[in-house]
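Let's walk through this model together, one region at a time. Have the viewer open and follow along as the pieces come up.

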Amino acid sequence: MILYYQTHSPFARKALVFAHEAGLADQLQVIHHETSPTRRNDEVYAENPLGKVPVLLRAGEEPIFDSDVICAYLDTLHAGRKLIPETGEPRWRALRLQSVAQVLAQTGIGLRWERERRPEHLRYPALADGYEEKIEATYDWLERTLEPSVPVDIGQIALATALSWMAFRDLPSFRGRSSLTRWFDAFEERPSMRATPLSGETFD
């Protein structure tokens, strides 16, 4: 399998960390592709009409995207404990946490556009403030609700990669929340995270 990747994407990293946790990383050929809303990558567009990574290419089958769907597919390929719980409250907690983590990263991307990437005369400070409020509220919610002792699942993988990206881009910090910070620091030491460090800048 081929994974179209980007070394500074929290979503691509989520898929690759998942592959490591599932014991499937050695089955992937990882190819870095630069993409952004203002930089067309024809190779990526040929496989994903949204022009975004990650994309998983499979021999003789249609490509799979985005990270949620790639992780769900990878979870069918191994014989170990499923990282997406199959039934009951553990499933809904994991999927809810994944959803929160995905939107947290998307909100961080929006804030970064308003604070750094958009030409200054086109920035909308009220929108940036709204994004920051959502980020801080999410950190507070995570501090109250995160269960650090449950087995690793898709929700934790999504959250760890989102928080790591927020720190990488110098976005509002979660480190004032002691429980969340302890959990994150421990998760960052996992081999799957150490094998997939973030690097590089966005090219527009």
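An α-helix has 3.6 residues a turn, so residues three or four places apart point the same way. Helices here are DSSP runs of H or I with at least four residues, strands are E runs of at least two, and both are numbered from the N terminus.

A word on the ground rules: this is a predicted model, in which local features need pLDDT of at least 70 and side-chain atom pairs count only at pLDDT 80 or more, while totals for chains, interfaces and linings use all residues. Residues are numbered from 1 along each chain as its sequence is written, and side-chain values use heavy atoms, leaving out hydrogens and water.

Now pick out Leu180. Leaving aside residues up to four places away in sequence, Leu180 touches Tyr139, Leu142, Glu143, Leu146, Leu159, Leu163 and Phe174, where contact means heavy atoms within 4.5 Å. Leu180 is also among the residues with the most contacts inside the largest nonpolar core, which has 48 residues. Such a core is a set of buried Ala, Val, Leu, Ile, Met, Phe, Trp, Tyr and Cys residues joined through side-chain atoms within 4.5 Å. H6 gives the most to this core, with nine residues. A second, separate core of five residues includes Val44, Val53, Val55 and Leu57.

Next comes the sheet. Its three strands form an open arrangement in the order E2-E1-E3, with mixed pairing; two strands pair if DSSP finds at least two bridges between them. At the edges are strand E2 (29-32) and strand E3 (55-57), each pairing on one side only. Strand E1 (residues 2-5) pairs with E3 in the antiparallel sense over three bridges, and Tyr4 stands opposite Val55 in E3.

Finally, visit Arg169, in the loop between helix H6 (154-168) and helix H7 (178-187). Is Arg169 buried or exposed? Arg169 counts as buried, because its relative accessibility is 6%. The side chains of Arg169 and Thr202 are joined by a polar contact of 3.4 Å.

Technical notes:
Buried < 20%, exposed > 50% of the residue type's maximum accessible area, 1.4 Å probe, protein only. Polar contact = N/O pair within 3.5 Å; in protein donor to acceptor, adjacent residues only side chain to side chain.
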